[in-house]
Amino acid sequence: MQHSTQRPMAWWAFGLANLAVVVTASLLGWYLLADPETSPLGVYPLPFNAALFWALMFVVWTGFNLELAGFDRIPQPWRGVAFTTATATFAVAVTWLLAHGLGALDPNFAGGREGGLGYFTGALFVLFGFSTYVMAVVNWNHWPWTDRGLRQPMVGLCEIAFLLGPTILLYVVLGIPAVAARVPEGGPVLELNALLGWYYSVVIAIVLTGLCWENWPWRLAGGRASVALASLVGNVVLGTVLFLALRLVVEVVVGSVTADQLGAALDQFPAQIGVCWVAWMIFWGNAFGNRPTSYGTAVNLVCRAAITFGLAVVTFVAYYYVLAEHVLHEPPVAGALHGNALGFLDWFALVTLLYVVGFGSYPLRAPEAAGQPEEPPAELHAPVAPAADVPPVPAG
């Protein structure tokens, strides 16, 4: 095993090495699969983003709910190869079946809908799936299945099966009416821009409290059932507060003129800056060991939130004002803004999870592995936020 013959790396060196690998792989993969100018596939932004979202859903189910059951018996680097291959196969198959199978019966899902909206309608399920399935892991810690003595893969299978009902209910009530080919009588519960911005903010709250804050403050609720209930209610409340706060941050960052040009689409931008934050929380938790860990609890949590949010704001500005146009060749949105962070940043997050979780950062040796003769199991921290694609933001 290569891990046993290498010296463990310092935590910061391990994080930077992971970052170099993930950024390089993300850019190369983007140029090959999605880039509007260099990719031969012509699938930008849809159905590429739809397949991307289903890939993230597969990673959540198999990597977090099932904790890599089955894959964990394969040595590295073949575990990572098998995990990546299975992820890609699942994503492409589900995207095609929804658009050309279900789409033949229900026009809402048809791949031929203008702007690829049929692909987006099917992939919108992932937005809700991320909230329910990720919360079951990072906030509930697999409650109640582990309390009943179950082990993997039964824990993950029960979780996936029993959460499917509430996830579909959220999707049918909130999601489909917002993107339906025919607007339902009375209109959707939430218009699409507001739905994406608000619900993604709930996902941010789940990742922030479950991963970055180690389930504070929900853990103060006491028993596991109480913690689960507190996190369910608390994440919705915190997510709503984050939606309003992040919308204000975006207004300040892009300026009043661009904010006016975005119009109603501004409600979507808490998700756009939010995916930058979620991507960094996942990367920081998995590659940088969720530092700091040596201060008091309150200081540790505040520092992690400040570090990851600061990186998110820098990433948001760099992406929308420089990278999307000049490096990723994405079209303009409004003013000087280009691209859609819910595409490339979700791609960055997927590559992070495939490398850090699937490949276990192979062949790097994590600081936590120091002194261990065999390669450590892949860390299973929070997955990326819902990679829901967003239709093009109107420029005016």
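**Note on the salt bridges, domain interface and local backbone features of a predicted model**

1. The side chains of arginine 224 and aspartate 147 meet in a salt bridge, with N and O 2.7 Å apart; the term stands for a side-chain nitrogen of Lys or Arg within 4 Å of a carboxyl oxygen of Asp or Glu. Arginine 224 belongs to helix H8 whereas aspartate 147 sits in the loop between helix H5 (125–138) and helix H6 (154–179), so the pair ties together parts that are 77 residues apart in sequence. Helices are DSSP runs of H or I with at least four residues, strands are runs of E with at least two, and both are numbered from the N terminus. Arginine 224 is partly exposed at a relative accessible area of 29%, and aspartate 147, at 45%, also counts as partly exposed; here buried means under 20% relative accessible area, exposed means over 50%, and partly exposed lies in between (1.4 Å probe, protein chains only).

2. On the basis of the note: this is a predicted model, in which local features need pLDDT of at least 70 and side-chain atom pairs count only at pLDDT 80 or more, while totals for chains, interfaces and linings use all residues. Residues are numbered from 1 along each chain as its sequence is written, and side-chain values use heavy atoms, with hydrogens and water left out.

3. As to confidence, the chain has a mean pLDDT of 90, and 91% of its residues reach 70 or more, pLDDT being the predictor's confidence in each residue on a scale from 0 to 100. Over residues 369–396, however, the pLDDT is below 50, although this stretch has 107 contacts in the model beyond near neighbours in sequence; a contact means heavy atoms within 4.5 Å.

4. The chain is divided into domain 1 (9–42 + 191–366) and domain 2 (45–189), with bounds that come from an automatic or database domain assignment. Their centres, taken over C-alpha atoms, are separated by 19 Å, and the contact takes 35 residues from domain 1 and 39 residues from domain 2.

5. Between them the two domains bury about 3100 Å², of which 75% is on carbon and sulfur atoms; buried area is the accessible area (1.4 Å probe) that two parts lose on being put together, summed over both. Tyr199, Arg224 and Phe359 supply 22% of the area that domain 1 buries against domain 2, more than any other three residues.

6. Across the interface of domain 1 and domain 2 the rule finds one salt bridge, and it finds eleven residue pairs in polar contact, both residues being at pLDDT 80 or more. A polar contact is a pair of N or O atoms within 3.5 Å; within protein, one must be able to donate a hydrogen and the other to accept it, and residues adjacent in sequence count only if both atoms are side-chain atoms. The elements that give two or more residues to the side of domain 1 that touches domain 2 are helix H1 (11–33), helix H7 (192–212), helix H8 (224–262) and helix H11 (341–358), and H7 gives the most, with ten residues.

7. By the salt-bridge rule the count comes to four. One of these joins the side chains of arginine 304 and glutamate 214 (2.9 Å, N to O); arginine 304 lies in helix H10 and glutamate 214 in the loop between H7 and H8, so the pair ties together parts that are 90 residues apart in sequence. Arginine 304 is buried, with a relative accessible area of 2%, whereas glutamate 214, at 36%, counts as partly exposed.

8. Arginine 247 forms a salt bridge with glutamate 251, their closest N and O atoms being 3.2 Å apart. Both residues lie in helix H8, four residues apart, which is about one turn of the helix, and Arg247, Glu251 and Asp267 are linked in a network of salt bridges.

9. Two cis peptide bonds deserve a look: the one from leucine 46 to proline 47 has omega near 10 degrees, and the one from tryptophan 216 to proline 217 has omega near 0 degrees. Proline 47 is found in the loop between H1 and helix H2 (48–65), and proline 217 in the loop between H7 and H8.

10. Glutamate 67, in the loop between H2 and H3, has a positive phi of about 50 degrees although it is not a glycine. Asparagine 290, in the loop between helix H9 (269–287) and helix H10 (297–326), likewise is not a glycine and has a positive phi of about 55 degrees; at 8% relative accessibility, asparagine 290 counts as buried.
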